[in-house]
Amino acid sequence: MPEGPEIRRAADKISKVLIGEEIIESNFYYERIKEKEEIVKNQNIKDITTRGKAMLIRFKNNWSMYSHNQLYGRWTVNLNTTKVKSRRALRVVFTTNKHAVRLWSATDIDLIPTDEENEHSFLKKIGPDVLSESCSLDLIEERLTSTSFHKKKASTLMLDQAFFAGLGNYLRSEILFDAKIHPDDRPFDLDKTKITQWAKSIKNISQLAYKTGGFTVSKSLADRNKENGEPRRSYRHAVFMRHQYECLNCKDRIERKWYGKRKVDYCPSCQIQRGKIKPTK
Ligand SMILES: [Zn+2]
């Protein structure tokens, strides 16, 4: 599933061809927003931003298009002369003199006045975006140790969009490994040094994934994993999807735990449990 870094890269990609360009045509094909099409018809775009896994396209007339790609939505950029064939359902097209930007398959799309973005049912519930510059290490530490969150398990917190927006399944495993935190530990169980490390890992691993397009290890480590015959889904990471492989740190075997239907891959030796809670079976 695309997580915050992937959505931000999609926003960068479409920003490059839309911002500062004249929108010569815009069309909405999705029933739920069709009737609002006129509001932003052929309006130029002021900026494009993301909040966690949601994207906001802001038009010059102070309306915003909210979209959340869930598991299946996808943005594409083509020259406007290119004929595009797809079996996906087309939702939105923005055409400039040079490019056509299309949103496919997404079902969570809305048009809202820009100054009411924070009232949107999804946006009002989510916490700070980990990739936002205003999301400082101090803020992350503060939230980790706040009474609202400090007794929740790491495995829960790392997916809780109300805690921080933009984290998802692969980032969860990778952040906890980087910080050497057991998925069943809670901030409450950890000392100040561990909390500081955790905050740094949340920020650093998310930024790394954003910069590299989903890699959470260095290029040289990824190359080494690849040379050892690992598939792409695992060589990009330190632990996620590497549960049958050796830990890059200590050579122990990476293990997998399930929380509901979602997995956490972790190293039992590097991520020793500190809290008293019984591990989840
Ligand atoms: Zn290890």
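Predicted model: local features only at pLDDT ≥ 70, side-chain atom pairs only at ≥ 80, totals over all residues.
Colleague: What makes strand 1 and strand 6 a pair?
Modeller: Strands are DSSP runs (E, at least two residues), numbered from the N terminus. Two of them pair if DSSP finds at least two bridges between them. Strand 1 and strand 6 (residues 90-95) have 4 bridges, in the antiparallel sense, so they pass. Phenylalanine 28, for instance, sits opposite valine 92 in strand 6.

Colleague: Which strands are the edges of that open sheet?
Modeller: The order is 1-6-7-5, with antiparallel pairing. Strand 1 (25-28) and strand 5 (74-79) are the edges, as each pairs on one side only.

Colleague: And why are strand 2 and strand 8 called edges?
Modeller: Their open sheet has 4 strands in the order 2-3-4-8, also antiparallel. Strand 2 (45-51) and strand 8 (108-113) each have a single partner strand, so one side of each has no neighbour in the sheet.

Colleague: How do you know how helix 1 runs against strand 5?
Modeller: Helices are DSSP runs too (H or I, at least four residues). Axes are lines fitted to C-alpha atoms, for helices over the stretch in contact, and angles run from 0 to 180 degrees between N-to-C directions. Helix 1 (residues 4-18) makes about 30° with strand 5, and lies across strand 5, strand 6 and strand 7 (99-104).

Colleague: Where are the two domains, and how do you know?
Modeller: The bounds come from an automatic or database domain assignment. It gives domain 1 (4-119) and domain 2 (137-266).

Colleague: What makes them touch?
Modeller: Contact means heavy atoms within 4.5 Å. By that rule, 8 residues of domain 1 are in contact with 14 residues of domain 2.

Colleague: How much area do they bury?
Modeller: Buried area is the accessible area (1.4 Å probe) that two parts lose on being put together, summed over both. Here that comes to about 720 Å², with 57% of it on carbon and sulfur atoms. Pro5, Arg9 and Lys53 supply 59% of the area domain 1 buries against domain 2.

Colleague: How many salt bridges cross that interface?
Modeller: You'd need a side-chain nitrogen of Lys or Arg within 4 Å of a carboxyl oxygen of Asp or Glu. The rule finds 0.

Notes: Residues numbered from 1 in each chain as written. Heavy atoms only, no water.
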